Amino acid sequence: MILTINRRKYEVNVEEDMPLLWVLRDELGITGPKYGCGIAFCGACTVHIDGEPIRSCSMPVGDVDGEITTIEEQDSSNSINAVKQAWLDHQVAQCGYCQGGQMMTAASLLNENPNPSDRDIDDAMSANLCRCGTYPRIREAIKSAAKTVRGA
């Protein structure tokens, strides 16, 4: 099967019920999405399919219909990179394990709502867990990235 990931095509020969996360990490060496809980609860494995955040740990690769974007995306014109820079500016990461998934969810939020309120941010990010408790810095980084996305 052919997958488009970060604007590049990959051919993979795997069972269709293999979770997308395993294809990304084990077959293709794309290690930004992390294995956290394996039941789509923590968000460490979040990637985008056609811009929508999905949990790659529970998505069978045979069900993928669209372009996959991971935290490794390098297109400077999108919200993912605004979020990456904001994460650095606000020194969000502690252990860093969940941060790729956090950033992918934040980028999706900004694609839908480039001027989110605190409540919008909290609602969007509530399904991504961080054991280090970096939530206040995540919120500030999202506000900062929102300004960049809006061109403010």
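Trainee: Is Arg139 buried, partly exposed or exposed, and what is its relative accessibility?

Mentor: Please keep in mind that this is a predicted model. Arg139 has a relative accessibility of 26% and counts as partly exposed, because the buried class lies under 20% and the exposed class over 50%.

Trainee: With which residues does Asp122 or Asp118 bring Arg139 into a salt bridge, and at what distances?

Mentor: A salt bridge is read from the distance between a side-chain nitrogen of Lys or Arg and a carboxyl oxygen of Asp or Glu, with a limit of 4 Å. Arg139 and Asp118 meet in such a contact, at 4.0 Å from N to O. Arg139 belongs to helix α5 and Asp118 to helix α4, so this pair ties together parts 21 residues apart in sequence. Asp122 also forms a salt bridge with Arg139, and there the closest N and O atoms are 2.7 Å apart. That pair likewise links distant parts of the chain, with Asp122 in helix α4 and Arg139 in helix α5, 17 residues apart.

Trainee: How exposed are Asp118 and Asp122?

Mentor: Asp118 is partly exposed, at a relative accessible area of 33%. Asp122 is partly exposed as well, at 36% relative accessibility.

Trainee: Which residue forms a salt bridge with Lys143, and where do the two lie?

Mentor: The partner of Lys143 is Glu140, with 3.5 Å between the closest N and O atoms. Both residues lie in helix α5, three residues apart, which is about one turn of the helix. Lys143 is partly exposed at 29% relative accessibility, and Glu140 is partly exposed at 38%.

Trainee: Which residues make up the network of salt bridges, and how many salt bridges does the whole structure hold?

Mentor: The network links Asp118, Asp122, Arg139, Glu140 and Lys143. A search of the whole structure finds six salt bridges.

Trainee: Let us turn to cysteines. How many disulfides are found in the whole structure?

Mentor: In general, a disulfide is a covalent bond between the sulfur atoms of two cysteines. The search of this structure finds zero disulfides. Cys37, for instance, is in none, and the nearest cysteine sulfur, that of Cys42, is 3.9 Å away. Cys37 itself is partly exposed, with a relative accessible area of 25%.

Trainee: Which residues form the nonpolar patch on the surface?

Mentor: The patch consists of Ile39, Phe41, Leu129 and Tyr135, which together have about 430 Å² of accessible area. Leu129 is placed in the loop between α4 and α5, and Leu129 is partly exposed, with a relative accessible area of 36%.

Trainee: How many residues lie between β1 and β2 in their hairpin?

Mentor: There are two residues between them, and Asn6 in the turn has a positive phi of about 50 degrees. β1, residues 2-5, and β2, residues 8-11, run antiparallel and are joined by four bridges. Thr4 stands opposite Lys9 in β2.

Trainee: Finally, how many residues of helix α3 are buried?

Mentor: Of its 14 residues, 12 are buried, and α3 is thus mostly covered. The buried residues include Met103, Met104 and Leu109. α3 spans residues 99-112 and reaches 20 Å from its first C-alpha to its last, close to the 20 Å expected at 1.5 Å a residue.

Key. Residues numbered from 1 in each chain as written. Predicted model: local features only at pLDDT ≥ 70, side-chain atom pairs only at ≥ 80, totals over all residues. Heavy atoms only, no water. Disulfide = S-S within 2.5 Å. Buried < 20%, exposed > 50% of the residue type's maximum accessible area, 1.4 Å probe, protein only. Patch = residues over 30% accessible without salt bridge, like charges linked within 9 Å, V, L, I, M, F, W, Y side chains within 5 Å. Areas by Shrake-Rupley, 256 points an atom, 1.4 Å probe, with all protein chains shown as cover. Expected span 1.5 Å × (residues − 1). Pairing = 2+ DSSP bridges.
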